[in-house]
Amino acid sequence: MARFVIKKSGEKEPFDPIKIGNSIRAAAAEANLTPERTESIVNRVAAVIIEMAAQKEEIATSEIRARILKELEILEPSVAEVWKKFEAEHNKTA
């Protein structure tokens with residue numbers, strides 16, 4: 001399992017799968033998904049990310065975000081759109 005996430009700044013922090021779920025939940029809430037559908041998506045996407053991270057010692061946040069978006073586009077395009085909007089806004093201020 002990846003022990004560290006490498007942030008855009010180059011800083012490392014411990015890998016925390018809970019942050020993945022929280023990010024997806026926030027996007028799903030804005031997309032007005034039901035709590036049941038939200039948790040289904042969180043569980044499926046988090047499992048993919050954890051499996052991906054299990055093969056590495058370190059993983060870049062950009063790699064995690066790209067894979068989350070890819071999975072959201074397949075499972076729930078409305079949440080993917082919210083995710084892309086957030087990323088675009090966040091990158092403007094970064």
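**Salt bridges, core and helix packing**

Tutor: The structure holds 12 salt bridges, a salt bridge being a side-chain nitrogen of Lys or Arg within 4 Å of a carboxyl oxygen of Asp or Glu. This is a predicted model, in which local features need pLDDT of at least 70 and side-chain atom pairs count only at pLDDT 80 or more, while totals for chains, interfaces and linings use all residues. Residues are numbered from 1 along each chain as its sequence is written, and side-chain values use heavy atoms, with hydrogens and water left out.

Student: Which residue meets Arg-25 in a salt bridge?

Tutor: Side chains of opposite charge can pair when their charged atoms come close. Here the side chain of Arg-25 meets that of Glu-39, with an N to O distance of 2.7 Å. Arg-25 belongs to helix H1 (residues 17–30) and Glu-39 to helix H2 (residues 35–53), so the pair ties together parts that are 14 residues apart in sequence. Helices (H or I, at least four residues) are DSSP runs, numbered from the N terminus.

Student: Where do Glu-71 and Arg-67 lie?

Tutor: Both lie in helix H3 (residues 61–75), 4 residues apart, which is about one turn of the helix. Glu-71 and Arg-67 form a salt bridge whose closest N and O atoms are 3.1 Å apart. Glu-71 is buried, at 12% relative accessible area, whereas Arg-67 is partly exposed at 28%.

Student: With which residue does Glu-81 form a salt bridge?

Tutor: The partner of Glu-81 is Lys-84, with the closest N and O atoms 3.0 Å apart. The two residues are 3 apart in helix H4 (residues 77–93), and are therefore separated by about one helical turn. Both are partly exposed: Glu-81 has a relative accessible area of 48%, and Lys-84 has 33%.

Student: Which residues are linked in a network of salt bridges?

Tutor: Lys-7, Glu-13 and Lys-19 are linked in this way.

Student: How many residues does the largest nonpolar core have?

Tutor: In soluble globular proteins, nonpolar side chains tend to be buried together. A nonpolar core is a set of buried Ala, Val, Leu, Ile, Met, Phe, Trp, Tyr and Cys residues joined through side-chain atoms within 4.5 Å. The largest one here has 25 residues, and those with the most contacts inside it are Phe-15, Ile-24, Val-45, Ile-49, Ile-64, Ile-68 and Leu-72. H1, H2, H3 and H4 each supply at least two residues of this core, and the largest share, 6 residues, comes from H2.

Student: With which residues is Ile-68 in contact, leaving aside its neighbours within four places in sequence?

Tutor: Contact means heavy atoms within 4.5 Å. On that basis, and with those neighbours left aside, Ile-68 is in contact with Ile-20, Ile-24, Val-45, Ile-49 and Trp-83.

Student: At what angle do H2 and H3 pack?

Tutor: Two packed helices are described by the angle between their axes and the distance between the axes. Axes are lines fitted to C-alpha atoms, for helices over the stretch in contact, and angles run from 0 to 180 degrees between N-to-C directions. H2 and H3 pack at about 135°, with their axes 10 Å apart. These two helices are therefore oblique to each other, since angles under 35 degrees count as roughly parallel, over 145 as roughly antiparallel, 65 to 115 as roughly perpendicular and the rest as oblique. Among the residues that meet there are Val-45 and Ile-49 in H2, and Ile-64, Ile-68 and Leu-72 in H3.

Student: How do the axes of H1 and H2 cross?

Tutor: The axes of H1 and H2 come within 9 Å and cross at roughly 140°. The residues that meet include Ile-24, Arg-25 and Ala-28 in H1, and Thr-38, Glu-39 and Val-45 in H2. Thr-38 counts as buried, at 8% relative accessibility. Apart from its neighbours within four places in sequence, Thr-38 is in contact with Arg-25, Ala-28 and Leu-33.

Definitions and conventions
Buried < 20%, exposed > 50% of the residue type's maximum accessible area, 1.4 Å probe, protein only.
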